[in-house]
Amino acid sequence: MTESSHSLRTFVAYVEDRPGVLNRIASLFRRRNYNIVSLNVGRTHEAGISRMTFQMEADDDMARRIEANLYKMVHVLSVEDITNTQSVIRDLALIKVRVGPERRAEVLQILSVFRAHAVDLGTETLTVEITGKQEKIDGLVATLRPFGIVEMVQTGTVAMTRGNQGAAARAAHTEDASGIAAA
Amino acid sequence: MEDAAKKLETQPQTTPKTLTGSEILWDTLVNQGVEVVFGYPGGAIMPAYDAMIKYPVRHVLVRHEQGAAHMADGYARASGKVGVCIATSGPGATNLVTGLANAMLDSIPMVAITGQVASGLLGSDAFQETDITGVSLPITKHNIMVTRPEEICQALKEAFYIASSGRPGPVVVDITKDAQQKSCEYVYDPSPVRLPGYRPDYHPIDKDIARAIDLIHSAERPVLFCGHGVIQSNATQELLELVEKTQIPVACTLLGLGGFPATHKRALGMMGMHGEAWVNRAIQEADLLIAVGMRFDDRVTGNLKTYAPGAKKIHIELDPAEINKNVHVDLPLVGDARQILQQILPHVKSCKIQPWLDYIEDLKGETAVIEIQHLPDHGKLYAAHVIHDLWRYTDGKALVVTDVGQHQMWEAQYYKHDHPRKLVTSGGLGTMGFALPAAIGAKFACPDDDVWVIAGDGGFQMTAAELTTCAQEGIKVNVAIINNGYLGMVRQWQQFFYGGRYVATPMKSPDFVKLADAHGLLGLRVTERAQVKAAVERARAHEGSVVIDFRVEQEDAVYPMVPAGADLHDMIRRPQSHNPIYETGEDE
C-alpha cells in the first residue's frame with residue numbers, strides 16, 4: 001500500500017438547497033471519521049443550488065473516498081477536489097479591537113498594511129473586517145492582540161478556481177441528462 | 001416494476017381522481033409491483049392501514065417491527081425485488097432500526113414506510129414522535145420525509161428507484177399522519193424518476209478492461225473472489241463462463257455463497273475468518289486476485305499488512321467509495337459486475353495454471369482429513385453433522401436462512417449452495433434474531449421453496465415471537481435450532497481468547513418442542529445423529545411450520561479460525577488428538 005501523507009485538502013461541492021442537506025453531509029463526515037477543518041455553505045446565483053467549500057486533512061486515497069462518498073448522497077450534485085487547482089481561497093473575519101480615540105490612528109495604520117478596514121466604531125472599540133487567506137488573518141490578529149481583542153468571528157473558507165474555467169463540477173450539474181432511470 | 005409499467009401502458013390512467021394520501025400510498029405501491037408488506041399498525045399509520053384493504057397487497061402482521069424489517073430484507077434477498085415494511089411513528093419506527101442497519105451493511109433493496117405525527121406537531125415531542133429520518137440517516141441509503149399528500153407518490157417512486165439501483169440499500173419514507181389523511185388530485189405518473197444528483201451507473205474504460213485481461217493471462221496463481229455483488233447483479237452465469245474458460249479457482253465471501261456453484265470442481269469454498277484452510281492459504285500465495293462484487297471486509301482479510309502479499313489485485317465493484325478502502329488494489333474496475341464480466345469474457349483464453357490447481361488440490365488433501373465431517377464419531381450429535389445431513393436430505397436445494405454465530409459458519413462450510421439467492425444470512429451487521437423473520441420474508445418471495453431456518457438457541461430466542469406470525473399467517477418454514485446451551489460463538493472466543501471464562505454465555509432455553517406445540521406447530525427433538533434424517537424428512541412432509549430442537553455437543557468450536565486481526569494464514573485448527581468423532585450416517 002502506498003502511504004501518502006495527510007495534507008490540507010479543499011473541496012467544492014454543489015448541493016440541492018433543501019432542509020437537512022447540511023446535516024446529511026455533516027453526518028457522513030462524522031460517521032466516516034473525517035475531520036472538518038472548515039466548512040462554508042451558501043446560495044449560488046442559481047435558485048435551489050447551494051455551494052459548499054470544505055477543507056479537511058486527508059491523504060490521496062482518503063480524499064478520493066471523501067469525494068466518492070459525497071457523490072453517493074442523493075442531494076449532492078457534484079464534488080471537486082480543487083486542492084491542486086490554481087484557486088482564489090478566502091476567509092472573512094470581523095475583529096472587535098479595544099482601542100480608544102488616542103490610539104485609533106495607530107490601529108488604522110496597521111489595517112492599511114493588511115488591506116483590512118474599519119467597519120464600525122465605538123467609543124472604546126473598533127471593528128475590523130479582513131478577507132484573505134488564513135495566514136493573513138492570523139497575522140493581523142497577532143498584531144492587534146496587544147491592543148486587546150474583545151471578540152472575533154470568522155467565516156469558513158470559500159474557494160474558486162482561477163481562470164476561465166468554472167469548477168468542472170458546474171458543468172456536471174447543469175447537464176440535464178444525468179440521473180434519469182426507469183421507474 | 002417492469003411488469004407494473006407494462007400494465008400501465010395498456011391501461012393508462014389519465015383522469016385525475018381525488019384520493020387521500022393513504023390511497024395514493026397504496027396505489028403507488030401497487031404500481032411499483034408490491035404484492036406483500038410486513039408491518040405493524042399504530043396511531044400515526046392508522047389512516048394508511050385503513051385504506052389498505054382496498055388494494056391488492058398482502059399484509060403480514062409481525063410480532064415486533066424488527067421482524068417486519070428482517071422479513072422485508074429476507075424477501076428482497078430471496079427475490080431480488082424491493083422488500084417493503086411498514087410501521088407507526090415513535091417506537092414502531094425505532095424498532096425498525098436494527099433491520100435497517102442490517103439491510104444497509106448488506107446492501108439490501110428495501111423500503112420502510114413509517115407513520116409520523118401530524119405535521120403541525122413536528123418538533124413538539126408529541127406522543128410517539130421520534131425523529132426517524134434523523135435516527136435512520138447513517139443507516140439508510142437515503143430517507144425522505146413527507147408532509148403533504150401531493151408528495152407521497154413521488155417520494156415512494158424515488159425510494160424504490162434509489163433502493164434498487166446502483167449499490168442497493170434501505171430507504172425510509174416517513175409520512176405524517178395529516179399527509180395520509182388529506183386528499184389531493186392524483187394520477188399515477190409512470191415516467192422515470194429524475195434525480196440530478198444521483199448517478200449510480202459507472203462504467204470502466206476499455207483500456208482498463210484490456211489491462212484486466214492482460215493480468216489474467218499473465219497470472220500463474222490466480223484466484224477469483226465471488227462476492228455478494230455477483231448475486232445482486234445477476235452475474236452468476238457470466239462468472240461461471242469465466243471460470244469454465246480460464247479454469248481459475250473461485251473463493252466466496254459469506255454473502256457470495258451460491259454465486260458460484262459450490263459443487264463445481266473449481267469452487268474452493270468460503271474465505272476469511274472461518275474459511276477453509278486451503279482457501280486462505282491459496283489467497284496468501286496467489287499472484288492475482290480478481291475480486292468481484294465484494295468489499296474486503298476485515299472478516300475476509302485478517303491483518304491487512306500481510307494480506308495476499310504477492311498478489312496483484314483487480315477489484316470489480318459498483319461503489320467507487322469501496323475502492324482502496326481496506327485493500328489497495330492495482331486495477332479497480334468500477335461498474336456493474338455483470339456488465340464488466342460480459343466485457344471481459346469474449347477476450348479471455350484458457351489460463352495455463354495446472355501446477356497451481358494441482359498445488360491447491362494438495363492443500364485440500366492435506367487439510368480436508370481433519371474436517372469434522374470426515375472424522376469418526378462417538379455417537380454424539382455435532383452441529384456440522386446436522387448441517388451436512390440437512391444438505392444431503394434436502395438434496396442441497398433448500399432455501400436456507402441462517403442466524404448469526406457458530407451455526408452460521410458451519411452452514412457456510414457444510415451446506416453446499418449451487419444456486420444464488422438460496423442462502424440468506426446477515427453478513428455485515430451480524431444480527432442475531434435475523435433468521436426466523438427473514439425466512440418468513442423469503443418464503444413469501446419463493447413460496448414453492450423448501451425454506452429452512454438454521455439458528456442457534458440464542459439467536460432464535462431473540463425473535464422467537466415470529467413463530468406466532470408463522471402460525472397466524474399459515475406460513476410453512478422449517479426451523480432447525482442448533483441448541484448447544486451456550487451463546488456458542490462468544491463461548492468459543494472465551495475459550496480461545498479469554499482464558500476459558502464463560503461469562504454470560506451459558507444459556508437456558510424454553511422447551512422448544514413445547515414452544516412449537518403452544519403455537520399449534522410441530523416440534524421435534526433430535527439428540528443423536530441417527531435421528532437426523534427422519535426428523536428432516538418428517539419436517540419436509542409436514543404441512544405447517546416445524547421446529548426441530550437439535551441438541552448438539554455443547555462445547556464444539558468452529559474451525560479453522562483466523563483470530564480477529566491475525567494474518568490470514570495464521571489459523572487455529574481443529575485439534576486432532578481429542579474430540580474423537582465417529583461417522584455414523586452413510587456418506588456418499
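**Exercise 1. State which strands of chain A helix α2 lies across, and at what angle helix α2 runs to β4(A).**

Solution. Step 1: helix α2 of chain A covers residues 60–71. Helices (H or I, at least four residues) and strands (E, at least two) are DSSP runs, numbered from the N terminus. Step 2: helix α2 lies across β1, β3 (49–58) and β4 of chain A. Step 3: helix α2 runs at about 170 degrees to β4(A). Axes are lines fitted to C-alpha atoms, for helices over the stretch in contact, and angles run from 0 to 180 degrees between N-to-C directions. Two residues are in contact if their C-beta atoms, placed from the backbone, lie within 7 Å.

This is a predicted model, in which local features need pLDDT of at least 70 and side-chain atom pairs count only at pLDDT 80 or more, while totals for chains, interfaces and linings use all residues. Residues are numbered from 1 along each chain as its sequence is written, and chains are lettered from A and ligands numbered from 1 in the order in which they are written.

**Exercise 2. Give the strand order of the open sheet of 4 strands in chain A and find its edge strands.**

Solution. Step 1: the order is β2-β3-β1-β4, with antiparallel pairing. Two strands pair if DSSP finds at least two bridges between them. Step 2: β2 (36–43) and β4 (76–81) of chain A each pair on one side only, which makes them the edge strands. Step 3: on average, neighbouring strands of the sheet are turned by 15 degrees against each other, direction ignored. Step 4: β1 (residues 7–16) of chain A pairs with β4(A) over 5 bridges in the antiparallel sense. Opposite A:Phe11 stands A:Asp81 in β4(A).

**Exercise 3. Describe how the two domains of chain A touch.**

Solution. Step 1: the domain assignment gives domain 1 (7–84) and domain 2 (88–158) of chain A. Such bounds come from an automatic or database domain assignment. Step 2: the centres of these two domains, taken over C-alpha atoms, are 29 Å apart. Step 3: the contact joins 6 residues of domain 1 of chain A to 5 residues of domain 2 of chain A. Step 4: on the domain 1 side, β2 and β3 of chain A are the elements that give two or more residues, and β2(A) gives the most, with 3 residues. Step 5: by class, this side has 1 nonpolar, 5 polar and no charged residues. Ala, Val, Leu, Ile, Met, Phe, Trp, Tyr, Cys and Pro count as nonpolar, Asp, Glu, Lys and Arg as charged, and the others, Gly among them, as polar.

**Exercise 4. Explain why strand β5 of chain B is called largely enclosed, and name its partners.**

Solution. Step 1: a residue is buried if 20 or more other C-beta atoms lie within 10 Å of its own, exposed if 12 or fewer, and partly exposed in between, with C-beta atoms placed from the backbone. Step 2: in β5 (residues 110–116) of chain B, 7 of the 7 residues are buried, so the strand is largely enclosed by the rest of the structure. Step 3: B:Met110, B:Ala112, B:Thr114 and B:Gln116 point one way, and B:Val111, B:Ile113 and B:Gly115 the other way. In a regular strand the side chains alternate between the two faces of the sheet. Step 4: β4 (residues 83–87) of chain B pairs with β5(B) in parallel over 5 bridges, with B:Cys85 opposite B:Ala112. Step 5: β7 (residues 170–176) of chain B also runs parallel to β5(B), joined by 7 bridges; there, B:Ile175 is the bridge partner of B:Gly115.

**Exercise 5. Find out whether B:Phe460 is buried or exposed, and list its contacts.**

Solution. Step 1: B:Phe460 is in helix α20 (residues 457–462) of chain B. Step 2: 29 other C-beta atoms lie within 10 Å, so B:Phe460 is buried. Step 3: leaving out residues up to four places away in sequence, B:Phe460 touches B:Asp403, B:Leu436, B:Ala455 and B:Ile481. Step 4: B:Ser509 is 49 residues away along the chain, and its C-alpha atom is 9.9 Å from that of B:Phe460.

**Exercise 6. Report the confidence for chain B and locate a stretch with pLDDT below 50.**

Solution. Step 1: pLDDT is the predictor's confidence in each residue, from 0 to 100. Step 2: chain B has a mean pLDDT of 93, and 93% of its residues reach 70 or more. Step 3: the pLDDT is below 50 over residues 578–588 of chain B. Where pLDDT is low, the predicted coordinates should not be read in detail.
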